[in-house]
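Biologist: I should like to understand the terms used for this model. Please set each one against its definition.

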Amino acid sequence: MSTQSTPRPQSRPPSARALRMRRWRQSAADLWREFRAQRAGMVGLIGLSIFVAIAVITPLVAPSDALSVTQATGGRMAPPDGEYWLGTDEFGRSVALLTLYGTRVTLIIGIAAALVAMVIGTLVGIVAGHFEGRVSWILMRITEWFMNLPTLVLAIVLVVVLGRSIAVLVIAIGITSWAGTARVIRAQTRGIEGRPYLERARALGAGHWSQMGRHVLPNVTPLVLASTIMAIAGAILTESTLAFLGLYDPNNLSWGMLLNRAWSNGAMSAGAWWYVLPPGLMILVVVLCFTLCGRALEVALNPRLRR
Amino acid sequence: MAAEATTPLPAGSAQGPAGKLDNAARTGVGTGLGKYLLNRVSGAVVSLLAVLFSAFFIFRVLPGDPIDNLMRDMQSATPELEQALRAEWGLDEPLWVQFWSYLTGTLTGDLGVSIQYQVPVMQLFTDRLGPTVLLGGTALVLSVLIGFSLGAKSAWLSGSKFDKRNVNIALIFFSAPTFWVAMIAIIIFSRELRLFPTGRMVSAHTPDRFWPQFLDIAHHMVLPAITLTLMIYAGYLLTMRASMLDEMGNDYITTARAKGLRDVVVRRRHAMRNALLPTTTLVFMAIGNVINGALVTEMIYTWPGLGYTFFQAIAVPDYPVLQGLFVIFASATVLANLAADVLYWFIDPRARKA
């Protein structure tokens, strides 16, 4: 490098890396413009930022004894009043605070499980799309199998057998929800494999992994992103359902766990709607936000969907 | 999410040369249907074997020793019970012997004995199957009718207020946790308005004759059926809408309109017929979804079906019941998919050329 320190004429072509970065920035900007044009997607994105903010801020500013069973001051399942504006749970803790606390664990499990699904789905999808013939056939049969299985049943069975912890929940949900991603990514990979630059790469002697890693992966990344965002919505729903069925990590409060506590402590017969309504609404809204974002991103990526 | 599952993959490379020969010998002429069926059935058999393998793997291999696991979770564990279970499950045998006896047992309909009820899982299954089929079937029919008609109309009027409202409502039910919707429904309709009972399938005092029983069961089924329908119809609506939008760009629609046909006729006889092709098979393919939904719905309404049985087995945990029902649920989805593939052959001529 030091020998080339003399100023060069402006006509020097930019390095491959700089070109790639510029092109990447350009397409990211295009994508953002298409995404921003959709109101539903923006509503979802703003909603999600609020939820993330809640998840980060609540443990920092809330009183530290909000989750303590022994130091709770409210009455047993007391209706909303001036002090507890969403009433209290069976121990006299504030439902409003519990719901805010639940955001963190629910989001963490949902996002982590979707990431697990993303890694498996992308890997299977690219490999199945790249290698034709037997490998592809076997992988797609496995994908189909996972796609059609009653995923909730499989997830329940896995959590019962492996134990109730966050790690197990993440793995169980991830393993049961990667198939959709794999299918989409495989179709996209097939399309990319036919393009001239891959033919060129092959002619220059690029190996299988180099073709998949350097050429296919960057091209499917936006689609992976959209698919993962949708997967988070599904993962949060599955987590809530598992938790509601009693399959939660007792040390980590999630919305599903709150609803399970409400159910098993007789909130229904007590008519304690303030205990049932808030966590469920939070699940609904956060899942809706992820779904809206994912759909908007899909539309932004696929001009055919813009009608 | 559901939109990806519209069409089954065309019959393709699944057939080896041996299969082709075999098939030609069997049918005389190489008819397409025989080949297609052989292809699909062999695929289903492989999937069923995969179900059996995975059940064995999950319940016998993954936890290390299922008895240790069970004893840890069970409240009333005694060494005698542990010994008895170990002998009963044949856990002192080598793994491949266990697998063989499990395989032969399952294939002959022996799914083990439930820990909590002390009856064979197979008997539990036949006892509890009826309510699940009744509830799941009713909800499936309702959601197909509602989802397809609303979806088709929504696509037809795409961009209109009707369309937007439909899609938004569907998305909300798509995003809402079923169990929570059910909880709200119970609070509103059972607790406050006292319109419907909250649990079980029949009341104890109902006379044991057909009509009183029928009406009582129908009364008990209103809330569960609506809950389950709300959970699954959204997927059908969105798929039908997407499928219909695809068809609407086609030339034959323009032709039909140019002939001066009424709007309703173009929609029902032309567009919807073609849009139904990929979506009909979806009904069968989404059986897994119905099972997922039935599990939660039955649990909340204490509906005495398979889903409720499965739920009750979680807390014990009643491994033979969990394992047996897992095998049954997964096999049901495999068979439903096979049915979808076969149906697809008959309703879509294009499948025959693939």
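Biologist: What makes the crossing of H6(B) and H14(B) right-handed or left-handed?

Modeller: The crossing of H6(B) and H14(B) is right-handed. A crossing bears that name if the near helix is turned clockwise from the far one by less than a right angle, and is left-handed if anticlockwise. The model is predicted: local features need pLDDT of at least 70, side-chain atom pairs count only at pLDDT 80 or more, and totals for chains, interfaces and linings use all residues. Residues are numbered from 1 along each chain as its sequence is written, while chains are lettered from A and ligands numbered from 1 in the order in which they are written.

Biologist: Why is H6(B) called oblique to H14(B)?

Modeller: Helix H6 (residues 121-156) of chain B and H14(B) pack at an angle of about 60°, with their axes 10 Å apart. That angle makes H6(B) oblique to H14(B), the word for what remains once angles under 35 degrees count as roughly parallel, over 145 as roughly antiparallel and 65 to 115 as roughly perpendicular. The axes are lines fitted to C-alpha atoms, for helices over the stretch in contact, and angles run from 0 to 180 degrees between N-to-C directions.

Biologist: Which residues of H6(B) and H14(B) meet?

Modeller: Val121(B), Leu124(B) and Phe125(B) in H6(B) meet Pro320(B), Val321(B), Gly324(B) and Ile328(B) in H14(B). Contact requires C-beta atoms, placed from the backbone, to lie within 7 Å. The residues divide into 6 nonpolar, 1 polar and no charged. Ala, Val, Leu, Ile, Met, Phe, Trp, Tyr, Cys and Pro count as nonpolar, Asp, Glu, Lys and Arg as charged, and the others, Gly among them, as polar.

Biologist: How many residues of chain B are in contact with chain A?

Modeller: Chain B has 44 residues in contact with 40 residues of chain A. H14(B) gives the most to that side of chain B, with 7 residues. The residues of this side comprise 33 nonpolar, 9 polar and 2 charged.

Biologist: What makes H11(A) largely enclosed?

Modeller: Of the 29 residues of H11(A), 25 are buried, so the helix is largely enclosed by the rest of the structure. A residue is buried if 20 or more other C-beta atoms lie within 10 Å of its own, exposed if 12 or fewer, and partly exposed in between.

Biologist: How do you know that the span of helix H11 (residues 273-301) of chain A agrees with expectation?

Modeller: The expected span is 1.5 Å times one less than the number of residues. The 29 residues should therefore span 42 Å, and the end C-alpha atoms are 42 Å apart, which agrees.

Technical notes
Helices (H or I, at least four residues) and strands (E, at least two) are DSSP runs, numbered from the N terminus. Two residues are in contact if their C-beta atoms, placed from the backbone, lie within 7 Å.
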